[in-house]
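Here is a walk through one protein model, taken a piece at a time. Keep the sequence and the 3D view side by side as you read.

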Amino acid sequence: MDYYAIGQRIRNARKAHRLSQEELAGLVGISVTHMSHIETGNTKLSLAVLVDLAQALQVRTDDLLFGIRPLEHTAALDSIDKLLEGCTTRQLRVIEDLIRAARTSLERYDQA
């Protein structure tokens, strides 16, 4: 796990919300020193602190762990997820095959 990269994503999200380290630390209930150490990757953060940071920064925990997706991308994925609600396993497998075929076709088209 790359704690420095996670810390930098937290820092970038904090700055995007125009929060100081002190303000974010206060929202999450940790010390400013701990907040600083998280952002510089000098300490491992607990799951509870990660969840609290994500809530305070209005992002998903996986965005902090792996990178923040553009809002349009996230909205599109959420829309697809809603479309798939209520599908049977068999229906999901067929849709998965269709998506795979469409993506392969798009990748070939993009290379041309």
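Start with a charged residue. Arg60 is partly exposed, with a relative accessible area of 31%. This is a predicted model, and every value here is computed from it. The side chain of Arg60 meets that of Asp62 in a salt bridge, 3.4 Å from N to O. Asp62 is partly exposed as well, at 30% relative accessible area. Side chains of opposite charge can pair when their charged atoms come close. A search of the whole structure finds seven salt bridges.

Now move to helix α7, residues 89–111, where Glu96 and Arg100 sit four residues apart, about one turn of the helix. An α-helix has 3.6 residues a turn, so residues three or four places apart point the same way. The side chains of Glu96 and Arg100 meet in a salt bridge at 3.1 Å, N to O. Glu96 counts as partly exposed at 32% relative accessibility. Arg100 is partly exposed too, at 47%.

Arg103 and Glu107 also lie in α7, again four residues apart. Their side chains form a salt bridge of 3.1 Å, N to O. Arg103 counts as exposed, because its relative accessibility is 55% and the cut-off is over 50%. Glu107, at 38%, counts as partly exposed. Salt bridges with shared partners join Arg93, Glu96, Asp97 and Arg100 into one network.

Next, the core. In soluble globular proteins, nonpolar side chains tend to be buried together. The largest nonpolar core here has 18 residues. Those with the most contacts inside it are Ile10, Leu24, Met35, Ile38, Leu45 and Leu53. Helices α1, α2, α3 and α4 each supply at least two of the core residues. The largest share, five residues, comes from α4. Look at Met35. Not counting residues up to four places away in sequence, Met35 touches Ile10, Gln21, Leu24, Ala25, Ile30 and Leu53.

After α2 comes Gly29, with a positive phi near 85 degrees.

Turn to α1 and α3. The axes of α1 (residues 3–16) and α3 (residues 32–40) come within 5 Å and cross at roughly 115 degrees. On the α1 side, the contact includes Tyr3, Ile10 and Arg14; on the α3 side, Met35, Ile38, Glu39 and Thr40. By class, this contact has five nonpolar, three polar and three charged residues.

Leaving aside neighbours within four places in sequence, Arg14 contacts Leu19, Ser20, Gln21, Leu24, Glu39 and Leu57.

Finish in the loops. Arg18 lies in the loop between α1 and α2. Its phi is near 55 degrees, a positive value in a residue other than glycine. Arg18 is exposed, at 76% relative accessible area. Gln58 lies in the loop between α4 and α5. Gln58 is not a glycine, yet has a positive phi of about 55 degrees. At 67% relative accessibility, Gln58 counts as exposed.

How values were computed. Residues numbered from 1 in each chain as written. Predicted model: local features only at pLDDT ≥ 70, side-chain atom pairs only at ≥ 80, totals over all residues. Heavy atoms only, no water. Axes fitted to C-alpha atoms, helices over the stretch in contact; angles between N-to-C directions. Contact = heavy atoms within 4.5 Å. Nonpolar A, V, L, I, M, F, W, Y, C, P; charged D, E, K, R; others polar. Buried < 20%, exposed > 50% of the residue type's maximum accessible area, 1.4 Å probe, protein only. Core = buried A, V, L, I, M, F, W, Y, C linked by side-chain atoms within 4.5 Å. Salt bridge = Lys/Arg side-chain N within 4 Å of Asp/Glu carboxyl O.
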